[in-house]
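I keep these notes for someone who has not looked at this structure before. Each entry records what I looked up and what I found.

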Number of protein chains: 2
Amino acid sequence: MSAFEEQDKIGMDAAFEQAYISYKKENGIPIGACLINNLTHEIIGVGHNERVQKNSPTLHGETSCLENCGRLKASVYKNCTLYTTLSPCIMCTGTVLLYGIKRIVVGENKTYEGEIELLQSRGGCEVIVTDDQRCIDIMDEFIKEKPEVWNEDIGEED
Amino acid sequence: MSAFEEQDKIGMDAAFEQAYISYKKENGIPIGACLINNLTHEIIGVGHNERVQKNSPTLHGETSCLENCGRLKASVYKNCTLYTTLSPCIMCTGTVLLYGIKRIVVGENKTYEGEIELLQSRGGCEVIVTDDQRCIDIMDEFIKEKPEVWNEDIGEED
């Protein structure tokens with residue numbers, strides 16, 4: 001296994017663990033993320049959706065992860081991969097583009113299509129969708145249980 | 001003065017007050033925002049950039065304001081105006097588009113062009129730029145004093 005393959009496994013496992021913790025331990029939305037430095041292959045931070053836990057409309061999986069990473073320089077972001085269990089919405093896509101993160105690995109985009117075209121449109125963010133069945137299954141379970149919370153999270157009417 | 005003109009004055013004054021508090025009282029970045037319900041003309045919440053104060057990469061003026069407003073339904077957002085002292089970056093633009101806020105009043109877009117075209121591109125968010133000299137002046141002062149903090153806030157290299 002190459003260093004990058006190993007990094008991608010570690011990154012998505014950490015992102016999924018965040019999704020699992022959010023849903024199964026905290027009754028939140030099961031979307032998680034992880035930021036890894038591509039040069040050192042070390043995790044900088046992880047996070048998960050905090051809508052329920054913190055009454056937050058801005059802490060999606062990806063933004064929560066970046067928030068937990070704290071203030072970073074542009075030179076750091078451009079050498080990172082962001083792992084997320086679900087295809088990013090336009091807020092999270094905008095955040096990735098603002099900070100110039102050049103590589104994103106997405107667990108799945110079946111539940112929510114997200115903004116992959118916009119991600120790829122400016123300066124070339126590399127997007128890899130892994131079709132991770134764990135990520136699909138946990139979102140299926142959650143949306144069946146709490147469709148109104150899911151709709152709220154993506155700005156849709158009930 | 002019509003109810004909307006009065007609302008717009010109240011909204012931008014509140015947004016500017018947030019920018020002023022952030023910079024002059026808290027040594028932060030002088031960008032503020034305010035969300036007003038267009039039906040009642042009441043302020044739902046205000047906020048300002050929290051990069052310095054909370055070590056936060058995701059709490060820009062607009063996202064901080066929406067965070068302080070807490071969880072709202074799509075039906076509320078669509079009847080709101082967001083006031084911001086500075087033209088929104090792509091993260092904040094994405095947030096406005098995610099939640100379907102249909103009207104945004106921008107204090108100025110001279111310091112930072114922002115993403116007005118993207119704001120207008122999906123479903124028609126109305127964007128009004130007011131060329132507010134207070135907003136321009138406070139950003140001028142801040143950027144001269146701390147250019148490296150400003151660059152960090154917009155994801156640019158020093």
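**Entry: A:C92.** A:C92 is buried, at a relative accessible area of 1%; buried means under 20% relative accessible area, exposed over 50%, and partly exposed in between, with a 1.4 Å probe and protein chains only. I found A:C92 in helix α5 of chain A, residues 90-99. Helices (H or I, at least four residues) and strands (E, at least two) are DSSP runs, numbered from the N terminus.

I then asked which residues A:C92 is in contact with, leaving aside its neighbours within four places in sequence. They are A:H60, A:E62 and A:T63, where contact means heavy atoms within 4.5 Å. A:E62 is 30 residues from A:C92 along the chain, and their C-alpha atoms are separated by 6.1 Å.

**Entry: ground rules and confidence.** I noted that residues are numbered from 1 along each chain as its sequence is written, and that chains are lettered from A and ligands numbered from 1 in the order in which they are written. In this predicted model local features need pLDDT of at least 70, side-chain atom pairs count only at pLDDT 80 or more, and totals for chains, interfaces and linings use all residues, while side-chain values use heavy atoms, with hydrogens and water left out.

The mean pLDDT of chain A is 96, and 99% of its residues reach 70 or more; pLDDT is the predictor's confidence in each residue, from 0 to 100. For the complex, the predictor gives an ipTM of 0.97 and a pTM of 0.97.

**Entry: the two copies.** I looked up how chain A is superposed on chain B. A rotation of 180° does it, with 0.0 Å of shift along the axis and an RMSD of 0.0 Å. The two copies are therefore related as by a two-fold rotation axis. The same surface serves both copies, as 100% of the contact residues of chain A recur in chain B. The superposition is by least squares on the C-alpha atoms of residues with pLDDT of at least 70 in both copies.

**Entry: the record.** I checked UniProt, where an unreviewed entry places the feature "domain: CMP/dCMP-type deaminase" at residues 6-126 of chain A. Positions from UniProt are given in the numbering used here, feature names are shortened, and annotations may be inferred rather than shown by experiment. Over residues 6-126 chain A is 44% helix and 18% strand, with the end C-alpha atoms 18 Å apart.

Entry: Two strands pair if DSSP finds at least two bridges between them. A:A33 has A:G47 in β2(A) as its bridge partner. The two strands form a hairpin with five residues between them, and A:H41 in the turn has a positive phi of about 60°.

In chain B, β1(B) and β2(B) also pair in the antiparallel sense over five bridges. Here I noted B:I43 in β2(B) as the bridge partner of B:I36.

**Entry: helix α3 of chain B.** How many of the nine residues of helix α3 (residues 61-69) of chain B are buried? Eight are, so the helix is largely enclosed by the rest of the structure. Among them are B:E62, B:C65 and B:C69. What covers the buried residues includes β1 (32-37), β2 (43-48), α4 (74-77), β3 (80-84) and α5 (90-99) of chain B. Just after the helix, B:G70 takes a positive phi of about 75°.

**Entry: aromatic pairs.** I found eight aromatic pairs over all chains. Rings of Phe, Tyr and Trp (its six-membered ring) pair if their centres lie within 6.5 Å; planes under 30 degrees apart count as stacked, over 60 as edge-to-face and the rest as tilted. The rings of A:F16 and A:Y20 have centres 6.4 Å apart and planes at 45°, so this pair is tilted. Both residues are in helix α1 (residues 3-25) of chain A, four residues apart, which is about one helical turn. A:F16 is buried at 14% relative accessible area, whereas A:Y20 is partly exposed at 37%.

A:Y112 and A:W150 form an edge-to-face pair, 5.8 Å centre to centre with 80° between the planes. A:Y112 lies in the loop between β4 (103-106) and α6 (116-121) of chain A and A:W150 in helix α8 (residues 147-153), so the pair ties together parts 38 residues apart in sequence. A:Y112 and A:W150 are both buried.
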